[in-house]
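Please look through the structure shown here.

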Amino acid sequence: MRIIIRENAEELSKIAAQQIIDGYTPGMRLGVATGSTPLGLYKALREAHAAGDFSMAGSSAWALDEYVGIPADHPERYFNVLHTELVKDGGVGLFEADLHTPDGGAEDPKVAAKEYDAAIAPGVDIQILGLGRNGHIGFNEPGGGLASRTHVDVLTASTREANARFFDNDMDRVPTFCVTQGLGTIMSAKKIVLLAFGTDKAEAVEQLIEGAVSQLWPATVLQHHVDVTVYIDEAAASRLE
Ligand code: F6R
C-alpha cells in the first residue's frame with residue numbers, strides 16, 4: 001500500500017488525477033465512486049480533457065454502487081451524479097453509453113446485481129474509492145463478508161445520516177437499500193486509488209493502514225491487494241503513528 005499525505009484535498013485530487021491520466025490506456029475500464037471525496041479528482045480530469053490532454057472516449061466507467069428505488073430523474077441517483085461529473089458538457093470525454101451503474105430501478109435488484117457483477121468481471125483496470133467514516137467502501141458496511149460480490153444491501157443508520165445532506169437533510173427521503181459492488185468485486189480491480197479527507201475519516205484511515213484485517217472495518221481488506229495507493233490529507237492522517 002502506497003500512502004501519499006499532503007496538506008489539503010485539492011493538491012491530493014490533482015496528484016490522484018495525474019495517476020489516472022498516467023495509467024490511462026485506450027479502452028480502459030475505470031471504476032468510479034460517488035460521494036464528495038472524488039469530486040476534485042473528477043474536476044481535474046475534466047480540466048485535463050478540456051485542455052486536450054486526456055479523453056475517455058471509447059473507454060468505460062463503472063460505478064461502485066447505486067440506490068435502490070430512487071426515481072430515474074433524481075439528482076442523487078448515482079447514474080445522474082456521475083453523468084454530471086464525467087459525461088455532461090464534454091466531461092472527461094466519456095460517452096453516455098459507456099457509463100455503467102447497477103440498475104437500482106430493476107424489477108428484481110438482486111438479478112440486476114448479479115448481472116452487474118458479471119459485466120465487471122474480471123475486474124476494472126483502476127478503481128477509485130472514497131472511504132466511509134465507519135470504514136465502508138462502496139456500500140459494504142461493517143460486518144459484511146470480505147469476499148462478497150455485487151449484491152443488494154441495507155444502508156446503516158450512520159451511512160443514511162451521513163448522506164442525508166444530499167436529500168435536503170430529510171432522513172425520510174434517504175433510500176434504505178442499495179446495490180453495491182462487493183468487497184470481492186472491488187478487490188478484483190487491477191489497481192485501486194483510495195482518497196480520504198478530513199478528521200471524520202481519521203479513525204477509518206487508521207484502521208485501513210494500521211488495523212487488523214477485519215469485517216468490522218471493511219476497507220482493511222485492501223491490505224491484501226497488491227496495488228493500492230491511498231491519498232490522505234493531514235487531517236485524515238492525524239491518527240496514524
Ligand atoms: C460512493 C461510495 C461510498 C463513499 C463514502 C465516502 O460511491 O460508495 O463508499 O465513497 O461513503 O463518502 P464521501 O466521499 O461523501 O465522504
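Asn 163 sits in helix α5, which covers residues 157-163. The model is a predicted one. With a relative accessible area of 12%, Asn 163 falls under the 20% limit and is therefore buried. Leaving aside residues up to four places away in sequence, Asn 163 touches Tyr 67, Tyr 78 and Phe 139.

Turning to charged pairs, the whole structure holds 12 salt bridges. One of them joins the side chains of Asp 125 and Lys 190, at 2.9 Å from N to O. Asp 125 belongs to the loop between α4 (109-120) and β6 (126-129), and Lys 190 to the loop between α6 (183-187) and β9 (191-196), so this pair ties together parts 65 residues apart in sequence. Asp 125 is partly exposed at 21% relative accessibility, while Lys 190 is exposed at 52%.

A salt bridge also links Asp 227 and Lys 191, whose closest N and O atoms are 3.1 Å apart. Because Asp 227 lies in the loop between α7 (202-210) and β10 (228-233) and Lys 191 in strand β9, the pair ties together parts that are 36 residues apart in sequence. Asp 227 is buried, at 15% relative accessibility, whereas Lys 191 is partly exposed, at 30%. Both residues belong to a network of salt bridges that includes Arg 2.

Arg 239 and Glu 206 form a salt bridge too, with 2.7 Å between the closest N and O atoms. Arg 239 is in the segment after β10 and Glu 206 in helix α7, so parts 33 residues apart in sequence are tied together by this pair. Arg 239 is partly exposed, with a relative accessibility of 43%.

Note on methods
Residues are numbered from 1 along each chain as its sequence is written. This is a predicted model: local features need pLDDT of at least 70, side-chain atom pairs count only at pLDDT 80 or more; totals for chains, interfaces and linings use all residues. Side-chain values use heavy atoms; hydrogens and water are left out. Helices (H or I, at least four residues) and strands (E, at least two) are DSSP runs, numbered from the N terminus. Buried means under 20% relative accessible area, exposed over 50%, partly exposed in between (1.4 Å probe, protein chains only). Contact means heavy atoms within 4.5 Å. A salt bridge is a side-chain nitrogen of Lys or Arg within 4 Å of a carboxyl oxygen of Asp or Glu.
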